[in-house]
Amino acid sequence: MAEARQAVGFVPLLTSDGAAVALRGPVLQDIYLSGLRSWKRHLSRLWNDLLSGVLPASPLSWLFLFSAIQLACFLQLDPSLGLMEKIKELLPDCGGQHHRLRGLLAAALFALCLWGALIFTLHVALRLLLSYHGWLLEPHGAMSSATKTWLALVRIFSGRRPMLFSYQRALPRQPVPSVQDTVRKYLESVRPVLSDEDFDWTAGLAQEFLKLQASLLQWYLQLKSWWAANYVSDWWEDFVYLRSRSSLMVNSNYYLMDFLYVTPTPLQAARAGNAVHALLLYRNRLKRQEISPTLLMGMRPLCSAQYERIFNTTRVPGVQKDRLCHLRDSRHVAVLHRGRFFRVGTHSAHGLLSPRALEQQFQRILDDPSPACPQEEHLAALTAAPRDSWAQVRQTLKTRAAHALEAVEGAAFFVSLDPEPAGLTREDPAASLDAYAHALLAGRGHDRWFDKSFTLIVFSNGKLGLSVEHSWADCPISGHMWEFTLATECFQLGYTADGHCKGHPEPALPQPQRLQWDLPDQIHRSISLALRGAKALSGSVDCHVFPFSHFGKSFIRHCRLSSDSFIQTALQLAHFRDRGQFCLTYESAMTRLFLEGRTETVRSCTREACNFVRAMEDPEKTHSQCLALFRAAVDKHQALLKAALSGQGVDRHLFALYIVSRFLHMQSPFLAQVYSEQWQLSTSQIPVQQMHLFDVHNYPDYVSSGGGFGPADDHGYGVSYIFMGDNVITFHISSKKSSTKTDSHRLGQHIEDALLDVASLFQAGQRPQRRLRGSGDEDSGHRCGFLSSKTVDSKTPKTPTDSEPVQ
């Protein structure tokens with residue numbers, strides 16, 4: 001989501017003298033260490049492998065095999081063809097009375113060897129099956145006989161009940177694309193946004209690169225792909241995220257929203273109690289691997305490695321480079337309320353605290369009248385400061401306030417009890433929703449601990465939200481956790497009639513521990529500087545959120561088109577109307593089909609999309625011509641998306657080539673040109689992964705409204721969208737107020753118009769006429785359908801109860 005800014009922001013760190021500082025070792029040494037880290041991770045997952053990594057067999061299957069061998073021996077049959085006798089001869093002779101014991105040991109060892117060989121064979125077979133990507137290339141809704149056979153074999157080799165990490169050892173490694181294909185695709189992607197002269201110059205650089213440098217750089221990547229788990233993901237995390245020196249706030253973090261139209265309870269402490277309990281239930285399921293592995297299109301398992309660092313994780317600032325610190329367990333959360341920090345235990349001697357007990361602890365914090373100590377109120381602004389500055393101050397904090405710092409960084413996650421209300425209101429739906437998004441993305445600059453893997457934000461009126469640090473994982477991982485949290489705390493845990501958590505308080509629980517910070521005078525100035533910078537950055541962001549309710553996924557499906565490609569093509573039309581020109585467009589796609597895969601870029605501004613946009617702006621083009629060009633643009637986007645999913649994208653390969661060139665201190669004008677470009681339109685779809693947790697037909701308001709991120713460029717836009725059920729699409733738009741070229745609300749109007757114009761192409765009649773916006777436009781809240789058939793009520797809304805289960 002927010003990675004587009006980071007994807008180009010790492011380049012200044014590796015230029016000129018910075019290269020020698022950032023990349024101290026030779027490339028072969030780094031590749032060796034990368035592979036070493038991969039193998040260490042494999043060894044650390046040995047217990048998971050024993051439980052589930054032996055897919056499609058379990059440890060119990062060895063016992064079954066051993067019993068079968070013993071039965072055969074009882075029937076005087078030798079299934080080992082003499083091997084057990086050989087093994088028995090190698091065992092020490094302990095006397096005649098132990099002859100039967102030696103036979104059992106020989107049978108057990110033979111069963112173990114046979115079991116291991118079968119497991120290895122099945123693993124290799126499953127990995128070969130998962131390397132097949134032909135199903136991606138087939139038309140939507142159609143399935144060839146080869147794909148049906150492949151799917152049947154995958155299901156057979158996968159076992160009956162795979163656990164979260166069951167597929168990890170069977171996933172194929174991400175392939176290194178052909179460098180010639182990557183360069184060709186890159187030139188094709190920039191052709192629509194470059195003049196003829198600039199394109200010819202870029203093509204010349206590309207040909208020079210292919211002749212002089214590409215083969216050497218590609219050789220190093222091939223070597224790394226053979227030795228390490230993934231040829232690009234560890235460098236992506238290192239250089240794009242951990243070496244970034246800019247503020248995490250807005251530049252790197254992203255947010256996820258609560259239900260849009262309803263709030264299950266107006267009680268802040270109660271909502272926090274249920275939400276924290278639900279999150280910890282998710283963590284328990286994660287530890288026990290009871291979360292089902294995600295299947296793409298219900299067929300192909302995705303890599304689950306990113307789930308390992310959801311909880312108990314902190315990004316620790318360092319000079320030149322941060323590091324991710326992950327603890328095996330944590331039995332408390334850190335809480336911030338009105339500038340005061342608390343440590344709240346989440347477990348008792350009997351296990352996880354009940355939601356009502358957690359509500360009691362949060363209510364004690366809300367009722368605590370003690371004020372914040374001097375500078376403590378704004379201490380969290382340091383986590384929004386540039387990373388080098390925060391790293392230096394943290395060293396002092398580590399000396400003077402080690403216990404408090406350890407309590408915050410060692411927490412399962414961070415909780416912010418915000419003293420202000422948030423969410424959609426009837427009085428001003430558009431402005432209230434924009435303010436809600438801004439509060440989640442940036443807040444006031446000093447009320448979030450941006451280093452934690454995620455911060456749970458609970459507003460005074462019971463509204464929830466999540467602020468997520470990006471380096472440890474991508475949005476689908478946190479989104480999966482968030483869907484579970486919302487469904488569990490609302491539908492399963494529930495609330496009493498007066499809005500409290502169900503159950504009984506536990507008065508004997510100790511009070512939440514107030515954390516004490518010893519802040520010397522030299523830190524006060526650092527806090528003031530960090531606060532000033534955080535407020536300036538927070539104030540510069542223009543957020544706009546609107547639900548588009550004229551149609552949704554159901555209509556697009558009826559048109560027999562990909563919903564994502566439909567939106568992406570419409571976004572090109574909207575952006576062109578907003579800026580009057582085309583630009584490089586970044587759409588994030590996942591590469592989790594492969595072991596430890598993360599993301600790839602879909603370059604959505606294609607020649608086909610530009611042809612469609614020009615046709616829509618040309619009154620002489622007919623309805624049928626525009627429709628044909630739109631379908632061509634959608635087909636092209638689908639082809640690019642499928643290439644990205646199958647590891648044949650452009651940008652991660654170019655990124656890895658660039659990193660190798662910097663290791664070798666090799667100057668490449670072509671790669672330098674690639675990373676001098678800016679993404680003025682960064683986009684992302686937030687997937688809904690667990691629709692079975694929600695009943696969108698009976699309770700259509702109880703669906704997450706997605707989330708957003710900051711713009712990738714100071715003169716660009718960040719746009720995310722989520723399909724809420726079948727008939728609503730919620731858009732999240734961000735830009736910088738300092739830019740005279742962008743306006744989030746203006747782009748929102750263009751997006752609505754573009755969607756309606758595209759939809760009219762599929763209706764009989766004349767081609768759509770471009771809508772002209774003026775000062776007399778209708779109110780944006782009603783225009784976007786904020787309140788259409790919805791209820792925004794400050795009272796506790798009706799929610800599904802235990803007698804009304806969600807299927």
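The model is predicted: local features need pLDDT of at least 70, side-chain atom pairs count only at pLDDT 80 or more, and totals for chains, interfaces and linings use all residues. Residues are numbered from 1 along each chain as its sequence is written, and side-chain values use heavy atoms, with hydrogens and water left out.

Me: How many helices and strands are there in the protein, and what makes a run count as one?
Reply: The protein has 27 helices and 20 strands. Both are DSSP runs numbered from the N terminus: a helix is H or I with at least four residues, a strand E with at least two.

Me: Why are α22 and α23 called roughly antiparallel?
Reply: Helix α22 (residues 607-616) and helix α23 (residues 623-645) pack at an angle of about 155°, with axes 8 Å apart. Axes are lines fitted to C-alpha atoms, for helices over the stretch in contact, and angles run from 0 to 180 degrees between N-to-C directions. Under 35 degrees counts as roughly parallel, over 145 as roughly antiparallel, 65 to 115 as roughly perpendicular and the rest as oblique. The two helices are therefore roughly antiparallel.

Me: Which residues of α22 meet α23, and what classes do they and their partners fall in?
Reply: Contact means heavy atoms within 4.5 Å. E608, A609, N611, F612, A615 and M616 in α22 meet C626, L629, F630, A632, A633 and K636 in α23. By class, this contact has 9 nonpolar, 1 polar and 2 charged residues. Ala, Val, Leu, Ile, Met, Phe, Trp, Tyr, Cys and Pro count as nonpolar, Asp, Glu, Lys and Arg as charged, and the others, Gly among them, as polar.

Me: What makes strand β11 largely enclosed?
Reply: Buried means under 20% relative accessible area, exposed over 50%, and partly exposed in between (1.4 Å probe, protein chains only). In β11 (residues 454-458), 5 of the 5 residues are buried, so the strand is largely enclosed by the rest of the structure. F454, L456 and V458 point one way, T455 and I457 the other.

Me: How do you know that β11 pairs with β10 and β12?
Reply: Two strands pair if DSSP finds at least two bridges between them. β10 (residues 414-417) is joined to β11 by 4 bridges, and these strands run parallel. β11 and β12 (residues 464-468) pair in the antiparallel sense over 5 bridges.
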